[in-house]
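This briefing walks through one structure by topic. Keep the sequence and the 3D view open while reading.

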Amino acid sequence: MSDHDPRDDRDDYLWDGGGAVDPDVARLEGARSPGCAIAARRRRCRRARPRRWPYAAAAAVVAAAAVAAVVVLGLLRRAPDPGPPPLACAAPAPAGGFRFEATAGAPRCGGDIVAAGWLPVGGAIETGRDDHVRVQVADIGQIELGGDSRLALVGTGAAEHRLALDRGRLHARVSAPPRLFVIDTPSATAVDLGCEYDLEVGPDGAGALRVTSGVVELEGHGRTVVVPMGAGAVTRPGAGPGTPWAIDAAPALRGALARLDRDPADPAALDEVLRLAVARDSVSLWNLLAVVAPAARGRIFDRLAALDTPPEWVLRDDVVAGDPTAIARLREYLEGTWLHPEVP
Amino acid sequence: MPAAPPSVVDLVIAARRGDGAAFAHLYDRFAAAVHAVVLARVAWQDCADLVQDVFLIAWQRLDAVREPAAFPGWLMTIARNRATDHLRGAGRAPRASADDRVPEPAVAPVPAAEVREALAAIRTLPEAYREILLMRLVEGLAGPEIAERTGLTPGSVRVNLHRGMMLLRDRLGATAAGEDA
């Protein structure tokens, strides 16, 4: 008897038209043009071509833009001399920078009190206890920097915007492709995968992250954890990020996770995690797969499967063997629950 | 060997320099996805004009995209906003489906009424599933193409297709059961 599950093929058909035809999908595909229901298989069915881009309208826009450019250039030529060079944070730096404004208090940038200006690459904003600063991160989002904080701009470009939170706290809201926005802290690096989160760094360099939308990866000291919305994690100097937990996870579960972070081979801690874990804790269970031994991975997979039937395309044996592809696919599946908890 | 198609980033950079042909390439590549995003919200017969509006806005504001890689998500946001504005102006409920005058082909494998029913069912799904299912089922985009057009990861698209299709089967099944009763 074959182990092949025909549902795998049906999912392939939904994905890219490959595999066995899923009759429900084919029927719905057939709605878009006559005769397409079966021909759509293997991408032979061409969709209707969209209308062409209206060149005439575009040319009119270009012409209008050219006229505007001529007018602006004329005005610039008549502008007076700018005077002496501005302060480091008072104007855009040649190497790029982020615009910021104080919404409370009197923050410092470049050693001076600056109410509004540009955070240059290599520069830093420092806030006092009652200060609050809003930083515009290119065109992808904003950072709200709280009191007693220091935020530096490490670099900005098409491939990455990187900042460093040396101390204090911030709230970041970003809408951008994954990995474009990165914040270093003394004990871990937060890599944005499209989201909103709070990040805090204490005087000793330890950090805390809470994600309110999307997903953040925390990296440091050889470990990477995935923290989706509704979850948090702590980072420790010299140890990197700990296992994430749901914001409303039971305190006893968080305690057991902390023990596992110190010693991933602690059998009593693993027993307690598996006993206490409920559906919301799948984020903790999945992240543990990367640090525990194969036998423990099997027990974790079984607990996850008991909480939410895993998809047919993720095999237990592959997860137990530590196959990164299988573990990644399991994460992709679980992300649906993490990011859309309202969907059954 | 045929040359690889230009990347979205290259096309955006060229279009920002005023290259109309590059923008036409972007239009060809993204029109179906924009149509799906709009169709998730407004009646079928209004979609074609709205798609044109979305690209006209994009062309006028292309300089605002400082990261060319962010173009797909930026364009989809314009499409969602334009569709919402259209509904606001027309004073119509966003999920109205009775207005959908679905084109009736000469030899239709699926009756237009059934298409309307499927469209109405898709519009009741969460947004994350709605747009992606329309891209796959109505626009005929494959999963990897949807990922490129939306800026989502292929894994995320695959999972959302899978879950969205499960929900859609349930909703269409429930409708059919209700009619049979």
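Which residues of helix 3 of chain B are buried? They are Trp44(B), Asp46(B), Cys47(B), Leu50(B), Val51(B), Gln52(B), Val54(B), Phe55(B), Ile57(B), Ala58(B) and Trp59(B). The model is predicted.

- Helix 3 of chain B runs over residues 44-60, which makes 17 residues.
- From the first C-alpha to the last, helix 3 of chain B reaches 25 Å, close to the 24 Å expected at 1.5 Å a residue.
- Over all chains, the structure holds six aromatic pairs.
- One of these pairs is formed by Phe23(B) and Phe55(B), and its geometry is edge-to-face, with 6.2 Å centre to centre and 75° between the planes.
- Phe23(B) sits in helix 2 (residues 20-39) of chain B and Phe55(B) in helix 3 of chain B, so this pair links distant parts of the chain, 32 residues apart.
- Phe23(B) has a relative accessible area of 0% and is therefore buried, and Phe55(B) is buried as well, with a relative accessible area of 0%.
- Phe71(B) and Trp74(B) form another aromatic pair, which is tilted: the centres are 5.9 Å apart and the planes make an angle of 40°.
- Phe71(B) and Trp74(B) are separated by about one helical turn because they are three residues apart in helix 4 of chain B.
- In general, an α-helix has 3.6 residues a turn, so residues three or four places apart point the same way.
- Phe71(B) counts as buried, at 0% relative accessibility.
- A cluster linked by ring pairs contains Phe23(B), Tyr27(B), Phe55(B) and Trp59(B).

**Salt bridges**

- Side chains of opposite charge can pair when their charged atoms come close.
- The count of salt bridges over all chains is 25.
- In one of them, the side chains of Asp248(A) and Arg280(A) meet at 4.0 Å, N to O.
- Asp248(A) is in the loop between strand 18 (245-246) and helix 5 (251-262) of chain A, while Arg280(A) is in the loop between helix 6 (267-276) and helix 7 (282-288) of chain A; the pair links distant parts of the chain, 32 residues apart.
- Arg280(A) has a relative accessible area of 38%, so this residue is partly exposed.
- Arg259(A) and Glu272(A) form a salt bridge with an N to O distance of 3.0 Å.
- Because Arg259(A) lies in helix 5 of chain A and Glu272(A) in helix 6 of chain A, the pair ties together parts that are 13 residues apart in sequence.
- Arg259(A) is partly exposed at a relative accessible area of 29%, and Glu272(A) counts as partly exposed at 21%.
- In chain B, Glu131(B) forms a salt bridge with Arg80(B), and the closest N and O atoms are 2.8 Å apart.
- Glu131(B) lies in helix 6 (residues 127-137) of chain B and Arg80(B) in helix 4 (residues 71-90) of chain B, so the pair ties together parts that are 51 residues apart in sequence.
- Glu131(B) counts as buried, at 6% relative accessibility, whereas Arg80(B) is partly exposed, with a relative accessible area of 24%.
- Salt bridges that share partners join Arg179(A), Glu217(A), Glu219(A), Arg331(A) and Glu335(A) into one network.

**Two single residues**

- Thr150(B) belongs to helix 7 (residues 143-150) of chain B.
- Is Thr150(B) buried or exposed? Thr150(B) is buried, because its relative accessible area of 14% is under 20%.
- The side chain of Thr150(B) reaches the backbone oxygen of Ile146(B) at 2.7 Å.
- Not counting residues up to four places away in sequence, Thr150(B) touches Pro72(B), Gly73(B) and Met135(B).
- Leu315(A) is in the loop between helix 8 (294-307) and helix 9 (316-320) of chain A, and counts as partly exposed at 47% relative accessibility.
- From C-alpha to C-alpha, Leu315(A) and Arg329(A) are 9.9 Å apart in space, and they are 14 residues apart in sequence.

**Chain A as a whole**

- The secondary structure of chain A consists of ten helices and 18 strands.
- Chain A has 344 residues, of which 44% count as buried.
- Among contacts in chain A between residues at least 6 apart in sequence, 41% join residues at least 24 apart.
- The accessible surface of chain A is about 16,700 Å², and 57% of this surface belongs to carbon and sulfur atoms.

Definitions and conventions
Residues are numbered from 1 along each chain as its sequence is written. Chains are lettered from A and ligands numbered from 1 in the order in which they are written. This is a predicted model: local features need pLDDT of at least 70, side-chain atom pairs count only at pLDDT 80 or more; totals for chains, interfaces and linings use all residues. Side-chain values use heavy atoms; hydrogens and water are left out. Helices (H or I, at least four residues) and strands (E, at least two) are DSSP runs, numbered from the N terminus. Buried means under 20% relative accessible area, exposed over 50%, partly exposed in between (1.4 Å probe, protein chains only). The expected span of a helix is 1.5 Å times one less than its number of residues. Contact means heavy atoms within 4.5 Å. Accessible areas come from the Shrake-Rupley method with a 1.4 Å probe; for residues, only the protein chains shown count as cover. A polar contact is a pair of N or O atoms within 3.5 Å; within protein, one must be able to donate a hydrogen and the other to accept it, and residues adjacent in sequence count only if both atoms are side-chain atoms. Rings of Phe, Tyr and Trp (its six-membered ring) pair if their centres lie within 6.5 Å; planes under 30 degrees apart count as stacked, over 60 as edge-to-face and the rest as tilted.
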